[in-house]
Amino acid sequence: MSRNYNFCAGPAAIPEEVLSQLKEEIPDWKGKGLSVMEMSHRSKEFVEIAETAKQDFIDLLKINSDYEVLFIQGGASLQFSMVPMNLLTSNKSLCSYLDVGQWSKKAIKEAKKFGLVEISASSADESYKKYPDPKSWNIDENSLFTHLVLNETIDGVSLRNLENLPKSNLVADCSSCILSEPLDVSKFGMLYAGAQKNIGPSGLAIIVIKKELIKEKENLPAMMQYKTYADSDSMYNTPPTFAWYLSGMVFKWLKKNGGLLNQKAVNESKANALYSFIDESSFYMNDIDKVSRSLMNVPFLLSDDSLNSKFLSEAESNGLLNLGGHRSVGGMRASIYNGVPKEGVDSLISFMKEFEKSNG
Ligand SMILES: Cc1ncc(COP(=O)(O)O)c(C=O)c1O
């Protein structure tokens, strides 16, 4: 198998070991003579795959029994709508949002369709280069929940210190940081994450929600209600079985490799190496406030942006894929999720050094 290093922000790199196992299992899953994609979601085999994946996810994040874990189609973007649809009581109820980057803006736009939105903190004036300190968040006491994007994938900005979080009903979009390190779930009313970064294939989102927040919402379509998923083990209809199965394989891989504490150490060593190299160079630049720097998404600029396309095409020829920044911000971005090994980051740094030598 010939593999390049994939720095895509999502769909993102999947651990090579998992892909090899998948290759083995595709035609004939455990001697059953069929692939998981062809199995009934009601079969005892698939139900076991689904339950094991859910339990492994719960074990990895040490989620207690106050929470329900749901597997829902529609990616994280559907959650931008489902959260206010389910957690607000009327279109006059109030919710709070942090405006900390491009994904926050999308979430806010959806929430405004279903209720009154107050912005508790914003880093827009600082061009989203610094995550507002939780001590500065201004949350109205009537607000039913406070939404935050824990890691802004496009901007490369993250809330790294969760010590001073307010004791409000916090709802966090963890799409691009879930499973990258341990997380104290009990600080949140709800978490959600699109799968295609640290979990598995796109299209699926995993939701962790306090049971007390799951309410019957008579006026909502069944597929838009958390209760429907909670009452049916996320199998009210045919779930995305392949995505669920492959996610479960990734969870087993994480467990086998020392869980989230090990992942944190690996991810910190990757991110520290890349940020240190960029900071020491005068050819590359990352202008994000140092305490808000993302462990997962490292945006950087070349001092001469006319070299951008040359950089990207030479990187690709060197087996380093998808380093272009998001179309809304430009520049470069290396997404270094769990599936990107330390060797991938080392190769990127070596390439960047050589590129600087020839073009600086
Ligand atoms: C932080 C964040 N939230 C939401 C989304 C949207 O996810 P999806 O494409 O699964 O709807 C993304 C996608 O990259 C993201 O990075």
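**Note on the predicted model**

1. Glu16 lies in helix 1, residues 16-25; helices (H or I, at least four residues) and strands (E, at least two) are DSSP runs, numbered from the N terminus. Residues are numbered from 1 along each chain as its sequence is written. The model is predicted: local features need pLDDT of at least 70, side-chain atom pairs count only at pLDDT 80 or more, and totals for chains, interfaces and linings use all residues.

2. Glu16 counts as partly exposed because it has 13 C-beta neighbours inside 10 Å. A residue is buried if 20 or more other C-beta atoms lie within 10 Å of its own, exposed if 12 or fewer, and partly exposed in between, with C-beta atoms placed from the backbone. The C-alpha atoms of Glu16 and Pro341 are separated by 9.4 Å, although the two residues are 325 apart along the chain.

3. Helix 4 (residues 102-111) has Trp103, Ser104, Ala107 and Ala111 buried. Seen down the axis of helix 4, the buried residues fall within an arc of 105°, so they line one face of the helix; the arc is that of the directions from the helix axis to the C-beta atoms. They pack against helix 3 (75-87) and several strands, including strand 3 (94-99) and strand 4 (116-122).

4. The ligand is surrounded by 13 residues, of which Gly75, Ala76, Ser77, Thr153 and Gly194 are the closest; near means a C-beta atom, placed from the backbone, within 6 Å. Helix 3 gives the largest share of this shell, three residues.

5. The largest nonpolar core has 99 residues, a core being a set of buried Ala, Val, Leu, Ile, Met, Phe, Trp, Tyr and Cys residues joined through C-beta atoms within 7 Å. Its largest share, eight residues, comes from helix 6 (residues 241-256). Among the residues with the most contacts inside the core is Ile206. Not counting residues up to four places away in sequence, Ile206 touches Phe57, Val69, Phe71, Tyr192, Ala193, Ala195 and Ile199; contact means C-beta atoms, placed from the backbone, within 7 Å.

6. Most residues other than glycine have a negative phi, and most peptide bonds are trans. The peptide bond from Gly10 to Pro11 is cis, with omega near -5°. Lys30, not a glycine, has a positive phi of about 45° and counts as exposed, with 9 C-beta neighbours inside 10 Å. Leu179 has a positive phi near 65° and counts as buried, with 24 such neighbours.

Notes. Contact = placed C-beta atoms within 7 Å.
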